[in-house]
Amino acid sequence: MKLSIIIPAYNEEATIEEMVSKVQAVPLPGELSREIVIVNDGSKDRTVDILSRFAGQANIVIIHQSNQGKTGALLTGFKNASGDIMLIQDADLEYDPNQYPRLLQPILEGRFEVVYGSRFLGQISAMEPINRWANEISNRTFRLLYGVNITDINTCYKVFTRRVWEGLVIQSQHFGFETEFTIKTLRRGYAIKEVAIDYTARSRKAGKKIKWTTALEMFWQIVKYRFFTRL
C-alpha cells in the first residue's frame with residue numbers, strides 16, 4: 001500500500017525544507033510506501049527555490065500553482081496523488097510527522113477509513129488563548145448541531161482512504177475544507193476515529209496565517225451546511 005502525504009505550502013521558506021525532511025525520515029508502519037505531494041500555492045518568498053532542492057526525487061511530486069487558498073491547494077494535491085491512503089500535513093512545524101504511526105494504525109487494522117488527529121485529546125503547547133477559544137467554540141457548535149462527538153474539527157491531521165475521497169465534491173474555498181469534508185464524510189456513512197496528538201502552535205510573528213476573519217469563515221461553514229446548504 002502507498003501513503004500519499006499532501007503538503008499545501010504558501011510562503012513557508014522558514015520551515016518547508018525541514019518539514020519535507022521530517023516527512024521523508026519518519027518510519028511508516030507495515031509495508032507502507034510513501035509519496036509526498038507538495039503544492040506551492042503561489043508563494044511569494046523563497047519557497048519555490050527551496051522546493052527545487054527536492055525536484056526529481058523519486059517519491060516527491062511538486063506542483064506550482066497560482067494562489068487558490070488552502071482548499072484549492074489540497075484539491076490539487078489530491079488530484080495528483082496516487083496513494084491508497086491520504087494524509088494532510090501542514091508545511092509549518094506545528095504538527096510532528098513522527099505521529100503518523102498512531103494516525104495510520106486504525107486504518108491499517110481495517111477498523112476505520114477516516115482518522116483525525118485531535119489536539120484536544122493530546123498535548124497542546126503555545127496556543128494563544130483566543131485561538132484555543134475559537135477552536136473550542138467551533139467544536140462545541142459542531143457537536144450541538146450535528147450530534148457527532150468530534151473534539152477537533154479543524155485539525156490539520158486528517159487521514160483517509162482513497163475510497164472515502166473518490167466521488168467527494170468540495171465546493172468551499174480557503175479554510176472551508178475542514179468543515180465541508182467532515183460533514184460530507186459523515187453524511188456518506190463513514191465514522192471518524194480521533195486519536196490524541198501533540199501540537200505546538202507557532203505565533204503570528206513566526207508565520208501563522210490564521211486570523212479572526214479565518215475563524216469566522218470556518219465557523220460559518222458549520223452553520224451554513226446545517227441550515228442553508230443542502231448536501
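# Report on strands, helices and salt bridges

S4 is placed in strand β1, which covers residues 2-9; helices (H or I, at least four residues) and strands (E, at least two) are DSSP runs, numbered from the N terminus. The model is predicted, so local features need pLDDT of at least 70 and side-chain atom pairs count only at pLDDT 80 or more, while totals for chains, interfaces and linings use all residues. Residues are numbered from 1 along each chain as its sequence is written, and side-chain values use heavy atoms, with hydrogens and water left out.

## Buried residues and their surroundings

S4 has a relative accessibility of 0% and therefore counts as buried; the class buried means under 20% relative accessible area, exposed means over 50%, and partly exposed lies in between (1.4 Å probe, protein chains only). The side chain of S4 reaches the backbone nitrogen of G83 at 2.8 Å. This falls under the heading of polar contacts, defined as pairs of N or O atoms within 3.5 Å; within protein, one atom must be able to donate a hydrogen and the other to accept it, and residues adjacent in sequence count only if both atoms are side-chain atoms. Apart from neighbours within four places in sequence, S4 is in contact (heavy atoms within 4.5 Å) with E35, A81, S82, G83, I85, M86 and L87.

R119 belongs to strand β5, residues 114-125, and is buried at a relative accessible area of 5%. Its side chain makes a polar contact of 3.4 Å with the side chain of Y95.

P97 sits in the loop between β4 (85-88) and α4 (100-108), and with 1% relative accessibility P97 counts as buried. Although P97 and V23 are 74 residues apart in sequence, their C-alpha atoms are 5.9 Å apart in space. V23 is one of the residues that P97 touches beyond four places in sequence, together with M19, K22, V26, Q89 and Y157.

Helix α3, residues 69-80, holds 12 residues and reaches 17 Å from its first C-alpha to its last, close to the 16 Å expected at 1.5 Å a residue; the expected span is 1.5 Å times one less than the number of residues. Nine of the 12 residues of α3 are buried, so the helix is largely enclosed by the rest of the structure. These buried residues are G69, K70, T71, G72, A73, L74, T76, G77 and F78.

F142 is located in α5 and is buried, at 1% relative accessibility. Outside four places in sequence, F142 touches G147, V148, I150, I153, T182, I183, L186 and I222. By contrast, W133, found in α5 (residues 129-146), is exposed, with a relative accessible area of 52%. I130, W133 and I137 make a nonpolar surface patch of about 310 Å².

## Salt bridges

Side chains of opposite charge can pair when their charged atoms come close. Nine salt bridges are found in a search of the whole structure, a salt bridge being a side-chain nitrogen of Lys or Arg within 4 Å of a carboxyl oxygen of Asp or Glu.

One of them joins R53 to E17, with the closest N and O atoms 2.6 Å apart. R53 lies in the loop between α2 (47-51) and β3 (60-65) and E17 in helix α1 (residues 16-25), so the pair ties together parts that are 36 residues apart in sequence.

Another links E136 and R132, with a closest N to O separation of 3.3 Å. These two residues are four apart in helix α5, and about one helical turn separates them.

| Residue | Relative accessible area | Class |
|---|---|---|
| R53 | 44% | partly exposed |
| E17 | 34% | partly exposed |
| E136 | 26% | partly exposed |
| R132 | 34% | partly exposed |

E178 forms a salt bridge with K158, and the closest N and O atoms are 2.6 Å apart. E178 lies in helix α7 (residues 177-187) and K158 in strand β6 (residues 158-161), so this pair connects parts that are 20 residues apart in sequence. Both E178 and K158 are buried. A network of salt bridges links E178 and K158 with K70 and D90, and K70 is one of the buried residues of helix α3.

Conventions:
Patches are made of residues with over 30% relative accessible area and no salt bridge: like charges are joined within 9 Å, nonpolar side chains (Val, Leu, Ile, Met, Phe, Trp, Tyr) within 5 Å. Accessible areas come from the Shrake-Rupley method with a 1.4 Å probe; for residues, only the protein chains shown count as cover.
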